[in-house]
Amino acid sequence: MTATAEPATGSQALDEVKIGGLGSSRPRVEDARFIRGRGNYVEDVTLPGMLHMEILRSPLAHARIKSIDTSAAWAIPGVKLVLTGEMAAQRNLAWMPTLSYDTQAVLATDKVRFQGQEVACVVAEDPYIAKDACDAIVVEYEALPPIVNPEQAVAPGAPLIRDDKAGQADNVAYQWEVGDKDGTDAAFAQADVVSKLRLHYPRSHPSPIENCGAVADFNNATGKLTVYLTSQAPHIVRAAVALIAELPEHLIRIISPDVGGGFGNKVPVYPGYVCAILCSILTAKPVKWIEDNTGNLSSTGFGRDMYLDSEMALTNDGKILAVRYHATTDQGAFYADAQPTKFKIGLVHSSFACYDVPVGHITAQGMYTNKAPGGVAYRCSFRVTEAMFFQERMMQAAADDLGMDQAEFRRRNLVRDDQFPYRTPFGFLTDSGQYLKCLQVGLDAIGYDDFLVEQAEARKQGRLLGIGISTMTEPLGAGNSREYDILGIKMFDSAELRVHPTGKAVLKIGAQTQGQGHETTFAQIVTHELGIPATDIVVEHGDTDHTPFGMGTYASRSTPVAGAATAMVARKIRAKARKLAAHLLEVSEEDVEWELGRFFVRGAESRGVTIQECAMAAYSNMPDGMEPGLENNAYYDPPNLTWPFACYIATVEVDPETGVWDVLRFVGVDDCGVRINPMIVEGQIMGGLTEAYAISNMQFQTYDVDGNLVGANYMDYLLPTAWETPGFELHEVVTPSPHHPIGAKGVGECAAVGGPAAYVNAVMDALRPTGVRNIDMPLLPDRVWHAAHTGQDVSGAPPFRTE
């Protein structure tokens with residue numbers, strides 16, 4: 001096949017936006033099935049002979065198990081199996097490793113360590129029989145004193161929670177530090193002003209609309225285990241199941257179909273998954289387990305629950321000399337975070353990465369308590385949400401202590417454009433950004449100076465107006481293998497691309513979508529690299545038998561790592577296609593040029609072949625010695641994290657009579673590098689800002705003195721509707737990442753990470769005349785009213801008291 005010569009007409013490159021490439025606000029292809037009710041979730045999976053599993057959970061936070069009587073449950077017609085911890089122990093499955101190198105009970109054997117812990121499970125012919133049988137199980141408990149905060153955990157005479165662990169003499173889960181202690185101490189000795197702040201970022205829950213669930217199907221004839229699972233990381237789950245269940249990995253298949261939200265909640269391996277697998281093995285039948293709302297809220301991975309004691313060393317003219325703080329995490333009963341191995345408290349040391357801080361020192365420790373385990377990266381890059389909230393609350397407190405305008409204080413300390421690449425005080429290397437520009441765009445959009453005038457006038461009338469700023473940068477795309485692994489597996493990611501003879505393509509990725517729009521945007525990356533229309537590309541994911549190994553989707557890894565792998569595999573395809581084009585055009589490869597969608601002869605642009613013609617030639621007219629086909633794979637190990645930046649500004653009015661506060665305006669300015677699909681980016685930002693509003697305003701998950709969870713249902717743990725959610729005004733600045741193949745930085749978590757501080761800072765600014773420095777989230781009306789009328793800070797740390 002030889003291309004025929006045509007008159008020279010100049011470039012014939014395709015219009016990238018029109019064919020759905022980068023910059024196209026292409027409608028989400030996933031929505032075609034979702035809005036028609038055609039999504040395929042674990043709940044939709046029905047297999048022949050399938051049984052149903054329900055879990056019996058502990059009503060007590062801390063108690064020794066004296067006996068478990070399952071006889072009444074066994075007697076109920078339709079019950080096929082009643083599984084206890086002792087039975088699981090016979091299979092060496094009563095305990096399992098966590099992703100933080102701790103151990104966690106699958107089913108309690110010695111004692112329960114949090115309310116909602118799994119004690120037993122029942123398998124029956126339908127879920128209602130299984131529920132009734134769970135109610136028939138009689139457990140005799142011996143109550144023990146509960147611990148619901150880190151202070152209680154280290155108090156003299158505190159009961160030992162993890163008495164199952166050899167050598168565990170206290171309730172400390174880990175200790176960690178980073179930074180330059182001596183240099184920081186020296187800087188504080190030279191400070192004109194030392195600003196201090198104590199904070200608690202309360203426990204919050206990702207609250208996916210689809211709870212956790214699994215359908216386990218063990219085929220005892222072939223030895224193959226297939227598990228349909230609500231997982232953000234199917235390949236890692238497969239590796240974990242192989243370790244826990246002692247099954248060969250090549251005989252385990254994990255399928256994650258459509259996932260109804262995850263936000264970090266669906267990264268860990270939960271006891272319910274292990275129970276379903278064991279029950280399928282024991283019954284030789286498929287077993288389905290679908291969690292209810294209370295089970296999800298009370299037992300699966302939560303977010304946050306971190307305490308901060310902080311100090312900032314300052315000069316009188318507003319320069320930061322040093323920062324130091326101690327962070328304490330409440331890990332619950334088991335240390336079950338999913339985070340890089342070497343970072344015991346995640347990436348909390350990414351704080352102050354956007355500010356020119358010469359030196360800093362952080363110490364941290366995690367504590368066991370009688371609460372559900374976790375600390376998952378709830379819509380953030382491994383504890384970065386806490387880091388940015390602490391950072392921005394400290395920035396406002398410091399500005400107040402200096403008597404300096406909060407915007408000016410940030411201007412004086414933000415990293416300038418000419419300082420990149422910039423080494424942070426805790427060792428990170430930020431590569432690019434326009435921080436001052438983002439701040440100014442936000443200030444101009446909100447009308448900052450005019451608002452200050454309005455605020456001053458309002459105060460004369462007794463009205464409390466406030467404005468809050470949050471400027472933050474987040475490290476995304478954890479994956480460079482020098483520093484990042486989970487369970488020893490390096491955090492790279494992957495893509496496999498196959499172009500068919502007709503030029504249509506299938507992209508298979510190791511990442512797993514749970515609502516981000518991967519099937520839409522990843523096709524757009526291939527379009528950008530090859531010129532194949534996005535409508536001609538199908539994206540597949542979520543099946544360990546049919547996708548390349550990947551570390552999953554969390555910590556905004558999708559675009560920074562899996563998206564980069566997609567670009568790289570497309571470039572491998574393009575390199576082979578260039579050889580095919582040279583063969584078709586009967587010229588040397590060095591004489592072949594590329595423009596979007598076609599190759600052409602240098603100096604003779606009219607002589608060219610399309611990418612589709614090259615694809616056909618790969619199967620029908622390849623040169624001698626070339627392997628047929630047009631497909632390849634790529635594993636991407638990023639050289640660095642990507643560092644998006646954002647400026648969020650909120651204005652509020654606080655009612656001093658009720659403590660209710662209303663958002664007047666909210667402006668967001670995001671620099672996430674190159675935007676693949678602007679519409680999806682804006683949707684991600686709005687979703688994150690809504691979650692940030694909920695956390696700052698209404699979401700209340702805490703524990704009382706007896707270890708009972710307050711917030712175990714959606715009457716107590718509130719999700720904002722369209723009625724409560726404020727409007728958002730979005731703006732953009734674009735600074736491409738210098739090391740990412742397409743210049744993208746990621747955006748899915750930024751608004752949830754940076755947003756809470758903007759809301760809280762605005763309320764605290766409104767209350768500044770009262771002398772109040774801090775109200776812990778959520779800023780419930782009674783807390784705000786109390787602070788406004790007493791001038792006292794309000795702590796939200798548990799235990800929650802009802803008197």
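Visitor: In which sense do E9 and strand E17 pair, and over how many bridges?
Guide: This is a predicted model. In it, E17 covers residues 359–368 and is a pairing partner of E9. The sense is antiparallel, and the number of bridges is seven.

Visitor: Which residue is the bridge partner of Tyr174 in E17?
Guide: Strand E9 runs over 172–179, and E17 covers residues 359–368. The partner of Tyr174 in E17 is Gly366.

Visitor: Which strands stand at the edges of the open sheet, each with a single partner strand?
Guide: The sheet has five strands in the order E9-E17-E16-E15-E10, and its pairing is mixed. A strand with a single partner has one side left without a neighbour in the sheet, so the edge strands are E9 (172–179) and E10 (193–204).

Visitor: What angle does the direction of helix H10 make with that of E10?
Guide: H10, residues 384–402, packs on the sheet. The helix touches E15, E16 and E10, and its direction makes an angle with that of E10 of about 145 degrees.

Visitor: Which element gives the most to the lining of the second largest pocket?
Guide: This pocket has a volume of about 510 Å³ and is lined by 23 residues. Helix H5, E10, E15, E16 and E17 each give two or more residues to the lining. With four residues, the element that gives the most is E10.

Visitor: How many residues does the largest nonpolar core have?
Guide: Trp661 is among the residues with the most contacts inside this core, as are Met312, Phe409 and Tyr759. Trp661 is in contact with Tyr759, and also with Val652 and Leu779, among others. The number of residues in the largest core is 131.

Note on methods
Residues are numbered from 1 along each chain as its sequence is written. This is a predicted model: local features need pLDDT of at least 70, side-chain atom pairs count only at pLDDT 80 or more; totals for chains, interfaces and linings use all residues. Side-chain values use heavy atoms; hydrogens and water are left out. A nonpolar core is a set of buried Ala, Val, Leu, Ile, Met, Phe, Trp, Tyr and Cys residues joined through side-chain atoms within 4.5 Å. Buried means under 20% relative accessible area, exposed over 50%, partly exposed in between (1.4 Å probe, protein chains only). Contact means heavy atoms within 4.5 Å. Two strands pair if DSSP finds at least two bridges between them. Axes are lines fitted to C-alpha atoms, for helices over the stretch in contact, and angles run from 0 to 180 degrees between N-to-C directions. On a 1 Å grid over the protein atoms alone, a cavity is a set of points where a 1.4 Å probe fits but cannot get out, and a pocket is an open set with protein on both sides within 12 Å along at least five of seven lines; lining residues have an atom within 4 Å of a point. Grid points are joined across faces, edges and corners, and a volume is the space filled by probe spheres set on the points. Lists of a residue's contacts leave out its neighbours within four places in sequence.
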